[in-house]
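Please open the structure in a viewer and keep the selection tool at hand.

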Amino acid sequence: MDALRFSRRVAVALAGGLLLAAGLMGCARTTVSHLESRPAVTAAPASLTMKYFRFEFTGKPTNAGYVLRGRAVPVPDDLPPWCDRLEELTLSAYLRDPSGTVLSTAEKHYPGMNLGDGAAVPFEFTLSPEGDAPGNYGISFGYKAVFGSKAARNAVSPGGPPPAGAVFFAGEGAVRMQ
């Protein structure tokens with residue numbers, strides 16, 4: 001009888017733990033409160049500078065949400081001096097509320113390119129918040145970039161991946177909060 005009572009207590013405790021864990025997982029949110037933001041609607045071009053990219057853009061409301069058009073310009077000042085190439089790039093745009101909670105996100109991947117004067121990556125994102133409620137929305141951006149060396153790449157294999165030890169990874173973006 002004691003074994004049966006013990007088994008029931010264990011089962012109830014496990015079930016309670018699973019419900020608690022499921023409830024906590026439902027409380028997770030994605031935030032960009034640590035990133036700079038600008039208003040989602042911009043009459044004049046806006047600029048948002050991050051560690052390795054500057055985003056120049058305009059934002060307009062549409063029936064589908066908000067359309068952002070602009071370009072991401074590499075900011076090579078803090079890169080290692082041997083970096084002269086962008087090997088891979090993923091840009092992200094985030095529609096956020098004033099507290100930084102992400103309401104919508106869009107992401108695009110871009111091929112590599114040489115760095116230098118005039119290096120820029122054009123983008124267009126459409127972000128749609130859940131529901132129809134108008135809000136005081138802001139825009140934040142994120143990126144994942146792999147920088148490399150043209151000379152190191154050509155010394156090993158011009159058409160292949162960058163050689164090990166000759167890449168610099170940089171990224172800023174949203175984080176998941178529990």
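## A guided tour

**First stop: strand S6 and its partners.** Please note at the outset that this model is predicted. Begin by selecting strand S6 together with strand S10 (residues 138–148): the two pair in the antiparallel sense over 11 bridges. Within this pairing, Ser92 stands opposite Gly142 of S10.

**Second stop: an open sheet.** Now select S3, S4, S5 and S9. These strands make up an open sheet of 4 strands in the order S3-S4-S5-S9, with antiparallel pairing. Strand S3 (46–49) and strand S9 (121–127) stand at the edges; each has a single partner strand, so one side of each is left without a neighbour in the sheet. On average, neighbouring strands of this sheet are turned by 25° against each other, direction ignored.

Inside this sheet, select strand S4 (residues 53–62) and strand S5 (residues 65–74), which pair in the antiparallel sense over 10 bridges. Phe57 has Gly70 of S5 as its bridge partner.

In soluble globular proteins, nonpolar side chains tend to be buried together. In this model, the largest nonpolar core has 38 residues. Select Phe53, Leu91, Phe123, Phe141, Tyr143 and Phe147, the members that touch the most other members. The elements giving two or more residues to this core are S3, S4, S5, S6, S7, S9 and S10. The largest share, 6 residues, comes from S6.

Which residues does Phe141 touch, not counting those up to four places away in sequence? Select Phe141 and display its surroundings: Leu35, Leu48, Met50, Phe55, Phe57, Leu68, Ser92, Ala93, Tyr94 and Phe123 are the residues touched.

**Fourth stop: the whole chain.** Zoom out and colour the chain by secondary structure. The protein chain has 2 helices and 12 strands. From the N terminus on, its elements run α-β-β-β-β-β-β-β-β-β-β-α-β-β. Of the 178 residues, 38% count as buried. Among contacts with a separation of 6 or more, 67% are between residues 24 or more positions apart. With a surface displayed, the protein chain exposes about 10300 Å², of which carbon and sulfur atoms supply 58%.

**Last stop: confidence.** Finally, colour the model by pLDDT. The protein chain averages 82, and 76% of the residues score at least 70. Select residues 10–25, where the pLDDT is below 50; beyond near neighbours in sequence, this stretch has 2 contacts in the model. Where pLDDT is low, the predicted coordinates should not be read in detail.

How values were computed. Residues are numbered from 1 along each chain as its sequence is written. This is a predicted model: local features need pLDDT of at least 70, side-chain atom pairs count only at pLDDT 80 or more; totals for chains, interfaces and linings use all residues. Side-chain values use heavy atoms; hydrogens and water are left out. Two strands pair if DSSP finds at least two bridges between them. Axes are lines fitted to C-alpha atoms, for helices over the stretch in contact, and angles run from 0 to 180 degrees between N-to-C directions. A nonpolar core is a set of buried Ala, Val, Leu, Ile, Met, Phe, Trp, Tyr and Cys residues joined through side-chain atoms within 4.5 Å. Buried means under 20% relative accessible area, exposed over 50%, partly exposed in between (1.4 Å probe, protein chains only). Contact means heavy atoms within 4.5 Å. pLDDT is the predictor's confidence in each residue, from 0 to 100. Accessible areas come from the Shrake-Rupley method with a 1.4 Å probe; for residues, only the protein chains shown count as cover.
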